[in-house]
Structures are given as structure tokens and as C-alpha cells.
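Here is a quick tour of one protein model, written for someone just starting out. Have a look at the picture first, then read on.

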Amino acid sequence: MGLLSDPNRRKALTNLLTRLNTPICIVCYLAAIVWFMGLAFEPFTLRTYMSENAMGSTMVEERFSSGERALSLAKEFDAHKRKAGGMPVEWLVKAMQARGLEVFTQSFSRKLPFPDENKERYMVGGRNVYGILRAARAPRTEALVITAPCSPGNSNNQAVGLLLALAQYFRNQIYWAKDIIFLVNEHDLIGMQAWLEGYHHTNITGMEYSPLQGRAGSIQAALALELSGDVITSLDLILEGLNGQLPNLDLTNLFYAFCQKLGALCTIQGKLQRNDWDTAEGYTHAAQTMMLMVLKQACGRSWGDHGLFLRYHIEAASIRGINSFRHYKTDATTIGRLVFPSSPGMLTVLTPVVISHLTGVALYLLPVHLQEMAVEHFPVSETEAVVLTAIAIYTAGLALPHNTQRLLSGEGTEQGWKVLKLTALLYLAVLLGCTALINFSLGFILAVTLVPITASITPHMPKALCALAMVLLSPAFTILYCVFIYQELIEAPVSVGEGWMLFLSVISQGILDHALYGSLVYPLLALFIYPCWLMFWNILFWN
């Protein structure tokens, strides 16, 4: 402060800065350039990551398997496009209606201020076709858009085929919470602008268009497909929108993470990421990629149909298939698995849950109902028949197909057992909490034996050792331990044989007490605790 308050010193400082003005400006300018180019140096940048857990690629399973169907639809679309001499509107309407969509069309026209010599057009008119897949179990307040432009010639036929195949696949996903709009637009950005203006009831470009007859919820995200070959070598992610706008980084990272997960090559600006960032070649490659994006953003144009969505604060990107004749190939099935992946099918979780509980119902009902049959065929009394039938059903539950989810929904998945375990743990917590309210001691004993093994069980643990531990901590063995502990506490220890006979007696008494007095212990164990334990048994042997 003394330097600035002293007139003589202040004048000297001013003279110094004036004399060094030019060198200082040059140094600052060069420092800014160097710092900006340093953004291409990997240690100065963050790797792809998820700032929202809900967008993590590990939260979903990719099950799309209709690649061949997509290619077949692409050929049909190409044939009808050639026959119609343009966009086959009627065929698209029928194709979407056949897939259970609510289908609508929109006509539009636009007179350009001067002829577009690149695409040889001046007066532009066309129609958009879109179908809406309504959310079956949600208030329909939000929507997603998948779009594929109808391009002239052979361009983008595969994208339209994939879009229709995805519509068929999405139709079976009844638990999704958003409407999905499948849009085929004519005349690329002009058709897309007409549709967006009609959807949002705006007219900012002087476009003439018919009002949209069908609408969905507020659009949250959009994905534009550009595929012009049956097989591609990489997927280029296009982000640059109108006036240099970019989508949320999470959308970019999400798609890149899916590509890594499925082993598909993902490029940005047509370039693969390199790992040799500490070499001159690696840095040059990264700098080229960065500068390409800078130039595309600076030009202010939209580099894909997605770019017009950004104006309406809708996160969007375009996926462009590239065939550079590398040895690595990606087919339509993989691309379909990359686009709006599904959560683990409900049957994956529902099947083991249902089968486990059906086993519990059998354990509850059959011992009493089958006693006469057992007495007729085996030299046992009625009581022995009831008890032995209960033990037989209990043991048979262990011999059920370990991967019961495969009976209805194909082979198990890594995500599937995690969802099943989450379901089983929540179920067990509710059971133990409710049991403790009715009978705290019973709830405590069950918690002591069940919680450690159920909380730690995974399919990746040693099968034999963990199976033995689970059996030794199962509800039946818990009853057996209680018999021996009780005898020790009353100072009347018993041998193994005597303890086994007491164990059989406890089972028969439990069934009788329920039938005579309404005791809840036996139905609780048979209908709830044992089925819950079987769900964890399925998790251990998940394939």
C-alpha cells in the first residue's frame, strides 16, 4: 500500500508497466495459448466419470438381440424408399403401428432465403413420421426421443431399421417410466426443426408446418442415429450443437462407458483415444481431437439432428457409424444394446422368488395332506409320516435348479443376482422386524443365525464351503441347535441320537400347535423364513 500511496513510487511503477506493456502482453498471450493446449494433456484432465449414480452403466443389463431383424427392416425400408422416390410415409406408419405405437405424421414446408447449392434445394417440403410408446406404469410426464433421418439414396437406411427394431424391443419393457418417441424425419435438420417447433408450440424460423396431433411428456433426452452400413468398425459420438452448445457431460460419459463395457470402439471427432499420452505422438493425437472440436463448435452449426434439441434444453447427441475397413467390426445387435439398455428383467428376480415361495407353500400344506399316502406306502406312523414329509420337502428345496431364473428368462446376469440379493435382504429385514414385534426372542434367534451369511453371500464365493455354511445356518439347523442348547441349559444334556428324536418331536409339535391353537411359528418358518433363505441359496449358485 505504501508503494501505491507514494506519488513518486506510483509514477515509477506506472512508467515501468508502460515500458514493459508489449512484452507483458506477449507473455500473457503465449501463457494462455500454452495453458489452453495443455487441456489436451491427460494429467490435466479428468477421465470419464459419472456425477450421478443413477446414470452408471453398471445399473443396467443390455439384452437387445434383434440385430438381424434390424438389418432386414433396413432392406425393406430401402426398397419402399426407392419405390416411393423418397420417404415411404405409408410404409413407416404401418410398420410403427404393427409395433404397437401411437403413430402420427406432420407435414412441413420451407422456402430457403437462397438456394442451398450443396444439397440442391430451394423450396423444401416433406413429412415427418413419429410413433409414441406410452409408459405403462407412469404418469407420462417425461419422454425420450430416438430419431433417424430419412436421407437420400442408400444413406441411413440401417438407422431406420434399427429404430424400428428398438421400437419392437421396447414394447416389451413394461416397467419403464418414460414415454419413448420414435421419429423418422425428412430433409434432415429442416424436418427436425419443424417437428421440434410443432412439439413445443413455437415458430422461431418462419417454418410452415401442420400442428402435431400426438404429444408425449416433457422431453428429457434425445439420441439421433446415423448408420449407413450393415457392419461398422466404430461409433463416432457427435456432440456439437447449434451455436456451439454441448450436451451434459454425463450423457457423453454414459455412452463411452457403455462402449467400453460392450467392447465397441467409440471415437470422438473420428479418433480413438490413445493410452500413450506421455509421448509426443499421443499428445499430438489428443491435441488434434481437441482442436477439431474447437473448430466445429466455433462454426456455430449443428453437426447432427441432435443439435436442435439443445436449444430447448434437451440433452442430446448423435451416434454415427463409421466403416473404416478396420479388422474390428461392430454389428447392429451391439449398437442396439448400446441405445436406452434395459434393467434386469423382472422375470430374472420374480422366478426364484416365486419358486422359493411355492416350495414354502408345499412345506406348509403337504406334510398333513400326504400323511395317509405315506402311511400306506411306508412302515411309519401318522406322526412320523408328517415329520418325515416335512423334512423331505425341506431337503428337496435344496435340490431345485440353482439358477431358477433360467427357467423363464434365459441365463443369469451379474446384475440379476445383485437385484435378487437386494430384494432378498429387504425381504429378510422386513420379516425379522415383523417377527420381533410379535415374538422378539424368535426374531433375535433368527437374526443371529441368518444375518451374517445372508449379508455376505455372493455367487463368487467358494461354492462348497459356503453351501455348507448356509446349510448349517439354515432354519432347520437353527431349530436343532436350539434343542441341544435348551437341553444343556436345563442341565439335561442328550446324545446326538436323542437330540435328533427331540428335533423331530419339536417339528411335529409345531405343526400341531398351529393346527390346534393357531401358533404362528410353523407357518412363519414354512411360508416366509425358509423361502427367503432359499432366495439366498439361489444367489450362491447363480451362474
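Predicted model: local features only at pLDDT ≥ 70, side-chain atom pairs only at ≥ 80, totals over all residues.

## Charged pairs and a nonpolar patch

Arg 69 counts as partly exposed at 40% relative accessibility (buried is under 20% relative accessible area, exposed is over 50%, and partly exposed is in between, with a 1.4 Å probe and protein chains only).

Residues are numbered from 1 along each chain as its sequence is written, and side-chain values use heavy atoms, leaving out hydrogens and water.

Back to the charges: the structure holds six salt bridges. Here are some of them:

| Pair | N to O distance |
|---|---|
| Lys 178 and Glu 142 | 3.3 Å |
| Glu 226 and Arg 320 | 2.7 Å |

Glu 226 sits in strand E6 (residues 218–226) and Arg 320 in strand E9, so this pair ties together parts that are 94 residues apart in sequence. (Strands, E, of at least two residues and helices, H or I, of at least four are DSSP runs, numbered from the N terminus.) Glu 226 is buried, with a relative accessible area of 16%, whereas Arg 320 is partly exposed at 30%. Elsewhere, Glu 102, Arg 134 and Asp 179 are linked in a network of salt bridges.

Which helix gives the most to the nonpolar patch? That's H18, with four residues. Helix H17 (463–472) and helix H18 (475–489) each supply at least two. The patch lies on the surface, has about 700 Å² of accessible area together, and includes Leu 468, Tyr 481 and Leu 489. Areas come from the Shrake-Rupley method with a 1.4 Å probe, and for residues only the protein chains shown count as cover. Patch members have over 30% relative accessible area and no salt bridge; like charges are joined within 9 Å, nonpolar side chains (Val, Leu, Ile, Met, Phe, Trp, Tyr) within 5 Å. Leu 489, in helix H18, counts as exposed at 69% relative accessibility.

Key. Salt bridge = Lys/Arg side-chain N within 4 Å of Asp/Glu carboxyl O.
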